[in-house]
Amino acid sequence: MTSGRSFYITTPIYYPSDVPHIGHGYTTVAVDALARWHRQAGDDAWMLTGTDEHGQKMMRAAAANGATPQEWVDKLVSESWQPLLETLDVANDDFIRTTQPRHEESVKKFVQAIYDRGYIYAGEFEALYCVGCEEFKTEADIQDGTGPFEGLKVCAIHSKPLELLQEKNYFFKLSEFQDRLLALYRDRPDFVQPESARNEVVAFVQQGLKDLSISRSAFDWGIPVPWDESHVIYVWVDALLNYATAIGFGSDDENFQRRWPAHHIVGKDILRFHAVIWPAMLMAAGLDVPAKVFAHGWLLVGGEKMSKSKLTGIAPNAITDVFGSDAYRFYFLSAIAFGQDGSFSWEDLSARYQAELANGFGNLASRTVAMTKKYFDGVVPEPGDDTDADRAIQQVVADAASAADAAIERFRIDEAIRSIWTIVDELNGYITENEPWALAKDEANRARLATVLYTCLEGLRALAVLLSPVMPQATAKLWTALGVEGALGELAAQPIREAGAWGLLPVGTETTTLAPLFPRIEQAD
């Protein structure tokens with residue numbers, strides 16, 4: 001069934017001080033897969049991604065590269081961040097940049113509104129600041145430096161020295177929202193997920209909240225505070241507001257009401273901004289809080305978080321140039337429990353590509369289409385009477401589709417793929433047990449042969465629909481080979497929540513030749 005309900009989902013707004021790595025790609029394809037699923041289910045889906053382009057870190061990066069901040073972000077966004085979406089086959093609906101007028105003007109309106117409501121005041125501030133995180137650090141986030149930084153206080157995430165900042169700034173009365181936030185977490189236990197992330201946020205807020213400095217006066221690369229242009233708005237306040245400004249806050253109220261609230265997918269290192277500061281800001285403005293904040297884990301390389309500063313960043317095209325975008329998407333969305341940390345290795349990627357994609361799904365598709373061509377001239381045959389084995393496959397498909405949709409509702413893309421993959425495994429076993437090549441030798445078995453191949457073709461039809469949010473290119477090729485009308489991924493072709501129904505592939509449909517979906521990868525010596 002389709003609902004037409006709004007499903008607005010966002011990536012974190014990325015900070016493009018350098019080129020993207022596979023960690024950024026991981027988050028982006030996860031959001032894209034969720035958006036594609038809901039779009040194909042008939043929901044009013046909308047996917048937003050974009051870049052956060054203000055702040056001190058950006059200003060310093062630009063200076064180090066002999067450019068103005070705007071020149072630097074224009075170069076990075078056009079040459080690296082927007083092309084990433086094409087590299088990974090991402091079908092986002094919008095890409096927002098925080099230097100765009102549509103964003104800047106609406107940010108001013110939001111900040112002015114909460115100022116007018118009495119939630120902002122002037123004060124003095126002194127604290128240790130991490131330029132890499134663009135964040136004032138609490139004691140829990142500060143470590144003693146080692147090696148060249150011995151005797152200094154360093155960021156627990158970046159392992160780089162913190163800067164002591166003392167400024168006269170404007171402050172947001174975050175402390176006033178402690179009880180309301182705790183009530184939110186209590187009354188809506190699924191607001192922050194997974195459970196480990198929710199527990200972390202609750203414990204953090206229970207310790208007590210301090211008011212938040214929401215302006216900076218030591219530099220000017222940012223959006224001016226509307227009532228005092230000697231200050232610029234703190235980059236994280238500016239950044240968080242992209243989720244609202246992109247869909248019309250302050251400029252298109254009808255569209256904002258249509259889309260809001262959002263589902264936010266973020267890395268766990270920026271969870272507090274999205275699960276504490278952001279809902280408090282919205283409460284202060286009298287707006288609904290987000291629908292959900294889901295924090296995924298880190299991608300680990302050599303046991304450490306993916307990091308450009310530690311030279312552990314891997315460019316996405318280093319993978320896609322060899323294995324393709326579908327394999328990239330499948331690997332990261334299936335190999336890692338979404339919400340937990342996961343390790344990347346070339347060996348694991350190569351092994352999964354060969355076993356699950358080439359030998360599993362790809363071989364199933366190729367031999368089924370080839371046997372249809374060989375035994376029935378490429379035409380989908382009319383099945384005969386079902387046996388228990390046939391009905392078992394039908395049940396596997398129905399159960400997999402239902403379980404996958406339930407997993408998607410929990411944002412557990414990995415569990416959805418695992419459920420769908422039972423169809424691949426069971427169909428491969430079904431072919432081995434029924435031996436269509438043996439049935440084809442005796443004309444008396446032709447009705448049984450037709451049933452076996454129809455069962456395999458219908459299973460592939462379901463797989464194409466269910467896997468299309470994860471692997472859009474391979475499934476589109478399979479869809480074409482199956483001869484089904486309509487573009488895969490469009491609701492008119494087939495609603496994804498109806499994929500588990502049996503018998504949707506019309507008898508008499510003409511299939512076409514299918515090239516290998518996942519060609520053999522030659523390994524370098």
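The model is predicted: local features need pLDDT of at least 70, side-chain atom pairs count only at pLDDT 80 or more, and totals for chains, interfaces and linings use all residues. Residues are numbered from 1 along each chain as its sequence is written, and side-chain values use heavy atoms, with hydrogens and water left out.

**Nonpolar cores**

- The largest nonpolar core has 96 residues. Such a core is a set of buried Ala, Val, Leu, Ile, Met, Phe, Trp, Tyr and Cys residues joined through side-chain atoms within 4.5 Å. Buried means under 20% relative accessible area, exposed over 50%, and partly exposed in between (1.4 Å probe, protein chains only).
- Phe 332, Phe 361, Trp 421, Leu 463, Met 471 and Phe 518 have the most contacts inside this core.
- Helix H17 (residues 446-467) supplies its largest share, 14 residues. Helices (H or I, at least four residues) and strands (E, at least two) are DSSP runs, numbered from the N terminus.
- A second, separate core has 79 residues, among them Met 58, Tyr 243, Ile 247 and Ala 284.
- In soluble globular proteins, nonpolar side chains tend to be buried together.

**Met 471 and helix H12**

- Met 471 is in contact (heavy atoms within 4.5 Å) with Asp 326, Phe 330, Leu 357, Phe 361, Trp 421 and Phe 518, leaving aside neighbours within four places in sequence.
- Helix H12 (residues 325-335) is mostly covered, with 10 of its 11 residues buried.
- The buried residues of H12 include Asp 326, Phe 330 and Phe 332. Polar Ser 325 and Ser 334 are also buried there.

**A three-stranded sheet**

- Three strands form an open, antiparallel sheet in the order S11-S13-S12. Two strands pair if DSSP finds at least two bridges between them.
- Strands S11 (215-216) and S12 (224-225) stand at the edges, each with a single partner strand, so one side of each lacks a neighbour in the sheet.
- Two bridges join S11 to S13 (residues 228-233), and the two run antiparallel.
- Ser 215 stands opposite Ile 233 in S13.

**Gln 394**

- Gln 394 lies in helix H14 (residues 388-409).
- Gln 394 counts as buried, at 17% relative accessibility.
- Beyond its neighbours within four places in sequence, Gln 394 is in contact with Asp 386 and Trp 502.

**Cysteines**

- The count of disulfides is zero, where a disulfide is a pair of cysteine sulfur atoms within 2.5 Å.
- Cys 155 is buried, at 0% relative accessibility.
- Cys 456 is buried, with a relative accessible area of 0%.
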